[in-house]
Amino acid sequence: MQIDRIQLRNFRNYAALELCPCPGVNVLAGENAQGKTNVLEAVYLSCTGRSHRTRQDKELISWGADFAGVHVYATRRDGSHEVELILPAAGKRILKIAGQKASRSGELLGHVTGVLFSPEDLSLIKDGPGERRRFLDIAVSQLRPAYYYALQRYSRALKQRNELLRTQATYALDEFDQVLSAAGQEIMRYRNWYVEKLNAVSRQVHGHISMSRENLQVEYRPSVKEDMLTELRAARETDLRRATTSVGVHRDDLALLIDGHEARLFGSQGQQRTAALSLRLSELTVMKNESGEWPVLMLDDVMSELDPVRRRQLVTYLTGVQTLITCTDPEDLAGAEIGRLFRVAGAQVTPG
Ligand SMILES: Nc1ncnc2c1ncn2[C@@H]1O[C@H](COP(=O)(O)OP(=O)(O)O)[C@@H](O)[C@H]1O
Ligand SMILES: [Mg+2]
């Protein structure tokens, strides 16, 4: 897959921007706070429907403007794809696919596909399971929109079940347990399937990045051991007491093991950073294996944080992958064959 054109209107600090990346490595270079990450954020939004930095659409709209627009043109093996998001300051988002208004947010998925790696990804390794579930959800949704819809059904049912628990409305619990576990079992199947693929790939990828010095393993750790409905019923009394649902995919985790030891607990800062990078490259590679074409890779300010060996290993991984890299100093890209260089200063992007 290749992004041909990115157009922004009133997005963050851009009143208007048009950018045409090349199929290879694109570098956005500039001082801090000029708008480099904002471009990646817009592309990420066109891939996933979300920003990687905020859940609030309002923050994406230029101060004082009444809407923000992101329009991305891409080419996939099956032809051209075009997605457009309009985020109004008041009212609902408008989504257009190939110029046609879409009614469901999931219709965005699978047109422009991408993976973003940023320094904050360290939290994938260091923080609680919520970060890793978000990782799974976004990765699997881009591959299988049906998963995205199952998540929507699940979170709706979970909210309703928790409300019933809070009001002690036990009469309706049976029904919601059914809905919740049907969606939950479906989500678990997808997560199982995905993590197996991810694990197989991460061995290779991490071997490459670490120069075969380390082994990275990814394991799915579901909250439900056997059958969700049975376990929900068994937990009902506790759940009623605590007014919260204690079992289900909203409690799942992903274990990341470096040479057999949990990276979160035993990894050094450097090992954790490398594991986060490997995880993102594995996500990228699974998408390639599943769809037959590379998604776009976005690297936000990560080069300067990697040691020269890992930087070089990363760069050799980029062959054939359209990449958008932000940095303050293009010198940090030692060895990368730069296809197009853009200078970013004060919300102006100019060929460098
Ligand atoms: N909603 C907004 N409207 C206008 N400017 C914004 C908005 N959100 C962020 N900015 C500005 O964008 C700049 C940060 O852009 P960013 O892409 O994160 O910088 P960097 O080049 O360091 O990656 C800051 O100057 C910030 O004030
Ligand atoms: Mg930035």
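Select R76 and E293 to begin: the two residues form a salt bridge whose closest N and O atoms are 3.4 Å apart. A salt bridge here is a side-chain nitrogen of Lys or Arg within 4 Å of a carboxyl oxygen of Asp or Glu. The model is a predicted one, in which local features need pLDDT of at least 70 and side-chain atom pairs count only at pLDDT 80 or more, while totals for chains, interfaces and linings use all residues. Residues are numbered from 1 along each chain as its sequence is written, chains are lettered from A and ligands numbered from 1 in the order in which they are written, and side-chain values use heavy atoms, with hydrogens and water left out.

**The two domains**

Next, colour the chain by its domain assignment: domain 1 covers 1–113 + 320–352, and domain 2 covers 118–294. These bounds come from an automatic or database domain assignment. Over C-alpha atoms, the centres of domain 1 and domain 2 are 27 Å apart. To the contact (heavy atoms within 4.5 Å), domain 1 gives 17 residues and domain 2 gives 14 residues.

Domain 1 and domain 2 bury about 1500 Å² between them, with 52% of it on carbon and sulfur atoms. Buried area is the accessible area (1.4 Å probe) that two parts lose on being put together, summed over both. The rule finds 1 salt bridge across this interface. Helix α1 (residues 36–48) may be selected next: on the side of domain 1 that touches domain 2, the largest share, 3 residues, comes from this helix. Helices (H or I, at least four residues) and strands (E, at least two) are DSSP runs, numbered from the N terminus.

**Helix α4**

Move to residues 129–143, which make up helix α4. Its 15 residues reach 21 Å from the first C-alpha to the last, close to the 21 Å expected at 1.5 Å a residue; the expected span is 1.5 Å times one less than the number of residues. Because 11 of the 15 residues are buried, α4 is largely enclosed by the rest of the structure. Buried means under 20% relative accessible area, exposed over 50%, and partly exposed in between (1.4 Å probe, protein chains only).

**Salt bridges elsewhere**

A search of the whole structure finds 22 salt bridges. Select R5 and E18, whose side chains meet at 3.8 Å, N to O. R5 lies in strand β1 (residues 2–11) and E18 in strand β2 (residues 14–19), 13 residues apart. R5 is partly exposed at 27% relative accessibility, and E18 is partly exposed at 48%.

Then select D252 and R191, a salt bridge with its closest N and O atoms 2.9 Å apart. D252 is in the loop between α8 (236–242) and β10 (253–258), and R191 is in helix α6 (residues 173–209), 61 residues apart. D252 is buried, with a relative accessible area of 0%; R191 is buried at 2%.

Continue to E305 and R273, whose side chains meet in a salt bridge at 3.2 Å, N to O. E305 lies in the loop between β12 (296–300) and α11 (308–316) and R273 in helix α10 (residues 269–291), so the pair ties together parts that are 32 residues apart in sequence. E305 is partly exposed at 33%, as is R273 at 24%.

Finally, select R161, D174, D177, R236 and D239, which salt bridges that share partners join into one network.
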